[in-house]
Amino acid sequence: DLGGIDGLLHITDISWKRISHPSEVLKLGQKIKVQVIKFDEETKRISLGMKQLQENPWDALELKYPVGTIVDEAEVKSITDFGMFVDVGMGIDGLIHVSDLSWNKKVANPAEKYKKGDKIKAVVLGIDKQAEKVSLGVKQLERDPWENIKSRYRIGQSIEGPITKITDFGAFIELEEGIEGLIYV
């Protein structure tokens with residue numbers, strides 16, 4: 001109530017932190033300070049914002065964690081089949097996609113290795129301030145086993161290794177941890 005006129009404070013404009021219901025932050029009858037974001041004369045609607053009166057944590061995030069920075073003690077907040085969300089601080093959760101968990105092991109479900117509440121290390125891969133998204137990776141903390149592979153293995157080179165899998169079309173041989181070669185039938 002703006003003194004006889006109602007304005008809408010959308011859930012996404014209440015807090016920079018993601019909330020699932022306004023009651024997590026606000027109470028009926030509570031007096032709050034808001035900013036007018038938009039006024040639509042045609043529909044006679046006023047859009048309001050509360051988070052706009054606070055410092056944008058995404059500005060601070062870019063300074064604190066530029067791309068390539070390691071985030072220590074990131075807490076796993078939720079796990080999905082496509083990855084997991086971790087708290088990077090300042091009320092911001094970042095996504096570690098399943099493809100960024102391991103260089104050479106297919107991770108079908110991150111819950112096989114991680115659980116909610118775990119503290120992990122991750123590398124900042126990207127920050128999209130406009131979309132309010134942070135992408136992180138765990139595998140980037142280790143050397144990429146495929147890096148410089150041509151300098152370690154040459155055509156014609158003789159190699160010994162244990163057989164890891166036999167199929168109708170050939171056998172897989174472990175060359176080193178995380179790297180297999182295929183001998184076709």
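Is Asp118 buried or exposed? At 18% relative accessibility, Asp118 counts as buried (buried means under 20% relative accessible area, exposed over 50%, and partly exposed in between, with a 1.4 Å probe and protein chains only). The close-ups below come from a predicted model, where local features need pLDDT of at least 70, side-chain atom pairs count only at pLDDT 80 or more, and totals for chains, interfaces and linings use all residues. Residues are numbered from 1 along each chain as its sequence is written, and side-chain values use heavy atoms, with hydrogens and water left out.

**View A. Lys115 and Asp118 meet in a salt bridge.** Here the N to O distance is 3.1 Å. A salt bridge is a side-chain nitrogen of Lys or Arg within 4 Å of a carboxyl oxygen of Asp or Glu. Side chains of opposite charge can pair when their charged atoms come close. Lys115 is exposed, at 55% relative accessible area, while Asp118 is buried. A search of the whole structure turns up 8 salt bridges.

**View B. Glu176 and Arg143 form a salt bridge between distant parts of the chain.** Their closest N and O atoms are 3.6 Å apart. Glu176 sits in strand β10 (residues 170-176), and Arg143 in the loop between β8 (133-137) and α2 (149-152), 33 residues apart. Helices (H or I, at least four residues) and strands (E, at least two) are DSSP runs, numbered from the N terminus. Glu176 counts as buried at 18% relative accessibility, whereas Arg143 counts as exposed at 52%.

**View C. Lys121 and Asp72 meet in a salt bridge, 3.8 Å from N to O.** This pair, too, links distant parts of the chain: Lys121 is in strand β7 (residues 119-128) and Asp72 in strand β4 (residues 70-80), 49 residues apart. Lys121 is partly exposed, with a relative accessible area of 46%, and Asp72 is partly exposed at 47%.

**View D. Asp59, Glu62 and Lys129 are linked in a network of salt bridges.**

**View E. The structure holds 2 aromatic pairs.** Rings of Phe, Tyr and Trp (its six-membered ring) pair if their centres lie within 6.5 Å; planes under 30 degrees apart count as stacked, over 60 as edge-to-face and the rest as tilted. Phe82 and Phe85 have ring centres 6.2 Å apart and planes at 90°, so they are edge-to-face. Phe82 is partly exposed at 37%, and Phe85 is partly exposed at 27%. The rings of Phe169 and Phe172 are also edge-to-face, because their planes stand at 85°, with centres 6.1 Å apart. Phe169 is partly exposed, at 43%.

**View F. Three strands make an open sheet in the order β1-β3-β2, with mixed pairing.** Two strands pair if DSSP finds at least two bridges between them. β1 (8-9) and β2 (35-40) are at the edges with a single partner strand each, so one side of each has no neighbour in the sheet. β1 and β3 (residues 45-49) run parallel, joined by 2 bridges. Leu8 has Ser47 of β3 as its bridge partner.
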